[in-house]
Amino acid sequence: MPDAVIFQYQNKVHTVYFSQSNAILPVKLKNGELKLVTWGRRLRENSIMPLGGWALRSSIHEGKWDYFIPKPVKLPIEKFMQIDYEGHIQWYEVIKSQWIQGVLLQEENECRVYIMTVVPERLDIYYNRWPRIVTG
């Protein structure tokens, strides 16, 4: 699961780590606009949103996130950082025609976005979760 991302917003490159208190992600709206939304929730934040910054796709399909009215969104992220089982850091590029899928949650007037993750199909991969990549 990505611990950091790199994206462009208003002609500026942003590097954001989930651990930052002001962590945000870009969300592409249906009208084509980009909106910056708070990335998940950290323990010290006063909110009832789920802790963490990632949503396992299977748990969304099982209805575990239904209370927060989850909506799938595209995240125009250029690179993401993963930390493997041995603590090594690796950055991965997202191909231009692809997006990382996110899930936008809402509770009253609060909105947060989480990176949708999947369990890798390959057994020889160094990560237990991977961001869901979509095309189009």
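The elements run β-β-β-β-β-α-β-β-β-β-β-β-β. That makes one helix and 12 strands in the protein. Keep in mind that this is a predicted model.

Now look at the overall form. The C-alpha trace spans about 40 × 35 × 30 Å along its principal axes. A compact globule with 136 residues would have a radius of gyration near 14 Å. The protein has 14 Å, so the two agree. Of the 136 residues, 43% count as buried. The protein exposes about 8,300 Å², and carbon and sulfur atoms supply 51% of that area. Contacts also reach along the chain. Take the contacts between residues at least 6 apart in sequence: 59% of them join residues at least 24 apart.

Next, pick out strand S1, residues 4-9. Is it enclosed or open to the outside? Five of its six residues are buried, so S1 is largely enclosed by the rest of the structure. Buried here means under 20% relative accessible area.

Which strands pair with S1? One is S2, residues 12-17. Six bridges join S1 and S2, and the two run antiparallel. Follow the pairs across: Gln 8 stands opposite Val 13 in S2, and Tyr 9 has Lys 12 as its bridge partner. S1 and S2 form a hairpin, with two residues between them. Gln 10 sits in the turn and has a positive phi of about 50 degrees. The other partner is S7, residues 79-83. Three bridges join S1 to S7, again in antiparallel fashion. Here Ala 4 stands opposite Met 81.

Strands of a sheet pair through backbone hydrogen bonds, either parallel or antiparallel.

Four strands form an open sheet in the order S2-S1-S7-S8, with antiparallel pairing. S2 and S8 (89-93) stand at the edges, and each has a single partner strand, so one side of each is left without a neighbour in the sheet. Neighbouring strands in this sheet are turned by 20 degrees against each other on average, direction ignored.

Is Tyr 17 buried or partly exposed? Its relative accessible area is 35%, so Tyr 17 is partly exposed. Leave aside its neighbours within four places in sequence. Tyr 17 is then in contact with Asp 3, Ala 4, Ala 23, Trp 39, Met 81 and Trp 91. For a sense of distance, compare Tyr 17 with Gly 102. They are 85 residues apart in sequence and 16 Å apart in space, C-alpha to C-alpha.

Finish in a loop. Glu 45 lies between strand S4 (34-38) and strand S5 (54-56). Its relative accessible area is 15%, so Glu 45 is buried. What does its side chain meet there? The side chain of Glu 45 makes a polar contact with the side chain of Arg 112, at 2.6 Å. Not counting residues up to four places away in sequence, Glu 45 touches Ser 21, Gly 40 and Arg 112.

Terms used:
Residues numbered from 1 in each chain as written. Predicted model: local features only at pLDDT ≥ 70, side-chain atom pairs only at ≥ 80, totals over all residues. Heavy atoms only, no water. Buried < 20%, exposed > 50% of the residue type's maximum accessible area, 1.4 Å probe, protein only. Polar contact = N/O pair within 3.5 Å; in protein donor to acceptor, adjacent residues only side chain to side chain. Contact = heavy atoms within 4.5 Å. Pairing = 2+ DSSP bridges. Axes fitted to C-alpha atoms, helices over the stretch in contact; angles between N-to-C directions. Rg over C-alpha atoms; globule rule 2.2 N^0.38 Å. Areas by Shrake-Rupley, 256 points an atom, 1.4 Å probe, with all protein chains shown as cover.
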